[in-house]
Structures are given as structure tokens and as C-alpha cells.
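The following exercises are to be worked through with the sequence and the structure at hand. Each task is followed by a solution in steps.

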Amino acid sequence: MKKMNGKNKGKLLVHIILIIGSIWMIFPFFWMILTSFKTFSETTRIPPVIFPKSFSFTNYATVFLTLPFKQFYINTIITSFTVTIGQIIVSTMAAYVFARLKFPGNKILFFIVLSVMMVPTQIFIIPQYMTMKYLHLLDSLPALIIPGWFSAFSVFLLRQFFMTLPIELEEAARIEGCGTFKIFYSIMLPLAKPGIIAASIFSILWSWNDLMWPLIVNNSMEKMTLAAGLASLQGQHLTNYPVIMAGAFLAVLPMLIIFLIFQKQFVEGIALSGTKA
Amino acid sequence: MKTQPVAKIIKRKIKKYHSQEVVCAYLMLFPLLFGLSVFYIYPIFRTIFFSFTKWGAFGSYKITGIGNYVKLLHDHDMLLALKNTFIYTGLSVPLGLSAALIIAALLNSKIKGLSIYRALYFLPAITMPSAVAMVWNWIYNGDYGILNYCLSFFGIKGLGWVSDPSVAMYSLILVSVWGGIGISMIIFLAGLQGIPATYYEAASIDGAGAIKKFFKVTLPLLTPTIFFSLITSLIGSLQLFDLVFMMIRPGNLAMVNTQSIVYLFYRNAFVLNDKGYGAAISVVLLVITMIVTAIQFTFQKKWVNYD
């Protein structure tokens with residue numbers, strides 16, 4: 001009986017710690033949303049106003065009026081999805097090759113891919129920028145999209161996934177006389193769906209949230225993404241936190257929704273990246 | 001009947017490569033190899049070359065040898081950036097990883113509501129850093145921020161968390177820990193769930209308590225996972241940029257104590273348009289990253305357990 005009590009106390013303590021941590025995690029979201037509905041004067045009072053007097057969408061309207069926020073959305077959506085589609089095509093093929101095929105250079109080429117993953121991204125940026133300039137693609141969506149098609153991380157993640165798949169199916173198909181590409185396309189690809197979803201999520205998330213590259217290649221408002229657009233919003237409204245919070249919430253909302261829908265895939269994808277293969 | 005496929009497999013193993021398979025492998029690799037070469041591998045060498053050049057107007061440049069590196073040695077901002085980046089990395093990585101490890105261990109104790117907790121702790125990790133920075137700026141605000149208000153209940157006098165040069169860096173570190181727990185926690189949780197229950201049963205028979213089990217069973221078996229997270233977090237934090245760029249506005253006195261290597265890279269290469277100097281800064285970052293990673297791989301033998 002006494003032991004049971006001790007165990008329950010332990011559980012309670014665990015819950016208390018986890019709940020305190022959760023409040024820390026969730027409070028900024030709560031505060032962002034509440035502030036976005038306040039008036040400016042409600043944010044300059046002490047003690048602070050916790051709940052706004054009335055929930056009005058004025059600040060959201062201001063965000064759309066002072067900046068081409070709709071265009072930011074369109075740009076970010078187009079960029080994220082085009083990057084992801086291209087990246088998945090390129091990466092699944094390469095990942096399958098690295099995971100399963102025997103060819104001279106497999107080890108060394110995969111080592112090069114891993115090295116690209118470990119190198120700080122800033123080392124690529126100046127020449128990438130020069131390439132975009134040379135191709136007359138500065139200040140355009142393709143400038144945001146093209147480098148994203150080639151992702152060492154995505155190849156690494158998908159290779160990890162292909163290595164977890166049973167090899168017997170492939171062996172059987174090979175004995176049946178199927179060609180390598182056909183095995184990849186009609187047998188492995190359908191099996192790799194969870195891995196592909198995980199890699200796509202990472203890709204969308206990364207392009208959605210990336211700040212530095214859009215900031216560098218695209219200068220005009222019409223070609224900006226949400227992340228870079230927020231910098232302009234902050235620059236324009238400085239301490240008008242209700243408007244800034246409205247913009248921030250608008251920028252993160254789609255990812256929050258995707259996360260709520262694909263939570264399981266997010267978690268599995270991250271876990272996959274950490275497993276040793 | 002059953003021996004036939006086996007015989008075929010053995011035959012394939014003897015003949016090392018299948019020509020059809022090799023051709024197919026290279027064809028399927030081609031898009032990746034082409035793209036990586038153009039956008040990632042060639043740029044590494046190009047940046048190293050650029051680091052030995054001086055850029056004039058309209059994108060013309062001339063080779064100046066080690067001029068940029070000599071300038072770096074005397075650049076007070078670079079010295080500060082190195083110091084700031086090391087403070088940031090040195091604190092945010094161990095703090096973030098230990099917090100994530102504790103949360104993961106707690107979540108692994110067969111507790112109710114695992115998926116809800118997991119979602120809550122993971123939420124910050126998927127949120128756009130520029131938006132995160134703006135929200136925390138508001139929470140940290142010296143005049144009307146909610147943090148100062150909360151602290152006033154404990155009789156603590158508030159301060160400008162991102163405008164006071166002596167605390168701004170620690171405020172950024174706290175945001176980065178907040179945002180980084182989710183990813184490491186999930187990796188740790190996957191690692192924890194991979195530890196066979198029999199190990200714990202054996203430890204229980206030996207009379208080990210929960211804390212002892214954690215240090216004698218969990219931690220040693222988790223070292224490969226910790227090592228992986230350590231490497232990726234270190235590489236990531238050395239590239240601190242988004243938080244500084246969004247939270248410390250130009251003119252903020254705290255810039256001195258928060259500007260990072262990558263912030264200086266961005267400013268020199270794309271604001272001041274001194275791409276040669278910017279390239280030299282990124283080469284320094286590359287070298288630092290390589291040294292840090294090499295040290296990790298050298299010392300892993302001492303503490304990482306591979307079974």
C-alpha cells in the first residue's frame with residue numbers, strides 16, 4: 001500500500017514538471033494570439049491587459065493593408081510545394097540507389113552527400129547568389145526554389161528509411177526478371193510512402209521558415225516570402241505589437257495546421273533522422 | 001525447388017556488379033549529383049577562392065591574397081562575434097539537450113497523456129523562427145512585457161531583456177532552448193524506446209532505483225543518440241542568425257553582445273556588399289565547424305557506447 005502511494009506521488013511529480021514545461025512551451029502562442037486582438041493602447045498598460053476588451057480583426061486587416069501579405073502567402077506556398085516536389089523526386093531516386101544498389105563509388109558518393117549536410121550553409125550562399133545573378137533569376141521565385149531541389153538531408157533521411165524496408169520483396173522481383181528502375185518505381189516507392197511523407201514535411205517546413213536565403217535573393221515586396229516579410233512588418237510597425245503579433249500568427253498558422261494533421265509523421269520523421277543505420 | 005533462388009543469389013554475389021544495375025544507379029543519381037555539384041560542392045571551393053578576393057562596385061573583384069584574413073584578425077566585431085557565438089553554442093546546446101533528455105525520460109515513464117505532451121513540446125520546433133523572435137521580443141519587452149510583470153510578483157525588478165547588453169544573449173539562449181527541445185526530445189524518446197525492457201528488469205533484480213537505473217542503464221545505452229544530437233545541435237547553433245536578426249534591431253546597444261558569426265557574414269556579404277570579406281567569414285565558420293566536429297568524433301570513443 002505504501003509503495004503504491006510512493007509510485008503515485010512519483011507520477012504526480014512527473015506530471016507537475018511536465019505541465020510547468022508545457023506552459024512554458026505554449027504560453028508564447030497563447031500570448032501571440034491574445035495580443036493580436038488587442039488595441040495598441042491595451043498593450044501599453046501596467047498591469048497588462050490579459051484579455052482584449054473586444055476581439056476585433058483590425059490588426060489583421062492592418063497587416064494586409066500595409067504589406068502585400070496575400071502575395072507573401074502565395075509566394076511561400078508556391079515555393080514550399082515546388083521545392084518539395086522536386087526535392088522528393090531527386091532524393092527518393094538517389095536514396096534508393098544509396099540504400100540498395102551495388103555500384104562502384106557508392107560509399108564515397110554517399111560520404112560526399114553526408115559532408116554537404118555537415119557543412120555550414122553560409123559557405124554555399126555567395127556562389128549560389130552569383131549563380132542566380134548569372135541566370136538572371138534574382139528577385140524571382142525560381143531563385144528560392146531551385147537550390148532547394150537538392151537536399152543532402154532529404155537523401156540521408158530517405159536512405160535511412162529504405163534501409164528499414166525488407167529486402168525479400170526486391171529479391172523476388174529481381175528473380176522474376178524486373179529491371180532495377182521498375183523495382184524502384186513499382187515496388188519500393190509505394191512502400192516508402194511514410195518516409196516520403198516525413199521528408200516532404202521537413203522540406204515544406206524548411207522552405208516555409210527559412211529566412212536568410214529569401215532575404216538575400218529577393219528584394220522586392222512582390223517576391224518575398226512570409227519569413228522575410230515579417231522582417232519588413234517589424235520594420236514598419238516597430239512597437240505596434242498587436243499588428244506584429246497578427247502578422248506572426250498569420251505566418252505560422254498554416255504550419256500549425258499541417259503539424260496538427262501530420263503529427264505522427266512529423267514525430268516519426270524526426271525519430272528516423274536520429275536512428276543509426 | 002527452393003535451392004534455385006539461393007543459387008542465383010550466390011551467383012550474383014560472386015559477380016560483384018551487374019552492368020544494368022550500375023548504369024541504372026548512375027542514371028538515378030544523376031539529378032542529385034548534378035544539383036549538389038552546381039549548388040553545393042562547387043560553391044564550397046568558389047567561396048574559398050572568393051575569400052582571397054576584394055570586391056569592387058558592380059560585382060568586379062581582384063585577388064588580394066590573405067588580405068581578408070589579415071583584416072579579420074584585427075576586426076573587433078569579428079572577435080565579438082566569435083565570443084558571442086561560442087557563448088551561445090556553449091550554453092544553448094548543453095541546456096537544450098539536458099532539458100530534452102529530462103523531458104524524454106519523464107515521457108518514457110509510461111505516463112498518461114504522452115501524445116499531448118509530445119505535441120506541446122514539439123510545437124515550438126515547427127514554428128517559424130522569425131515569428132518566434134517577434135513573440136519573444138514582446139514577452140521580453142522592458143516597458144510593457146509580460147515577463148517583467150510576472151517577475152514583479154516576486155519582487156524582482158524588471159529589465160529590458162533584449163535591450164540590456166549584459167542579458168540579451170541569455171535571453172536569446174532561452175528562446176533557442178525553448179525552440180529546440182522538441183526535436184532532440186523526439187530523437188531521445190525514440191532512443192529510449194529502443195532500450196530493451198530486460199535491461200531494466202535485470203537492474204531491478206540488482207536492486208537499482210529509478211535514478212540509479214537512469215544513470216547506469218539509460219544514459220550509457222543512449223550515448224549514440226546523444227552523440228548524434230550533440231553533433232547536429234552544435235553545427236546548428238554555430239549558425240545562429242534568425243534570432244539575432246529579428247530580435248536585435250540595428251541601433252540596439254545589445255548588438256555588441258549578440259552579433260554572431262553568421263550575422264556578420266550576412267552584413268558584410270549582402271548589406272555592405274563586401275563579398276570577399278563575407279566569404280572569408282564563412283570559411284572561418286567552416287573551419288570552426290570542422291574542428292568542433294572532429295573533436296567530437298575523436299572524443300566519442302571515450303564516452304559513446306556502441307554495442
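**Exercise 1.** How many residues of chain A are in contact with chain B, and how many of chain B with chain A?

*Solution.* The model is a predicted one, in which local features need pLDDT of at least 70, side-chain atom pairs count only at pLDDT 80 or more, and totals for chains, interfaces and linings use all residues. Residues are numbered from 1 along each chain as its sequence is written, while chains are lettered from A and ligands numbered from 1 in the order in which they are written.

Step 1. Two residues are in contact if their C-beta atoms, placed from the backbone, lie within 7 Å.
Step 2. By this criterion, 76 residues of chain A are in contact with 81 residues of chain B.
Step 3. Helix α1 (residues 2–36) of chain A gives the largest share of the side of chain A that touches chain B, 14 residues; helices are DSSP runs of H or I with at least four residues, numbered from the N terminus.

**Exercise 2.** Determine which residues have the most contacts inside the largest nonpolar core.

*Solution.* 
Step 1. A nonpolar core is a set of buried Ala, Val, Leu, Ile, Met, Phe, Trp, Tyr and Cys residues joined through C-beta atoms within 7 Å. A residue is buried if 20 or more other C-beta atoms lie within 10 Å of its own, exposed if 12 or fewer, and partly exposed in between.
Step 2. The largest such core has 159 residues, and A:A94, A:A248 and B:V135 have the most contacts inside it.
Step 3. Helix α8 (residues 168–193) of chain B supplies the largest share of this core, 14 residues.
Step 4. Leaving aside neighbours within four places in sequence, B:V135 is in contact with A:P28, A:W31, A:M32, A:M245 and A:A248.

**Exercise 3.** Is A:D139 buried, exposed or partly exposed?

*Solution.* 
Step 1. A:D139 lies in the loop between α5 and α6 (141–145) of chain A.
Step 2. A:D139 has 15 other C-beta atoms within 10 Å and is therefore partly exposed.
Step 3. Not counting residues up to four places away in sequence, A:D139 touches A:V217, A:N218, A:N219, A:S220 and A:K223.

Methods. Helices (H or I, at least four residues) and strands (E, at least two) are DSSP runs, numbered from the N terminus.
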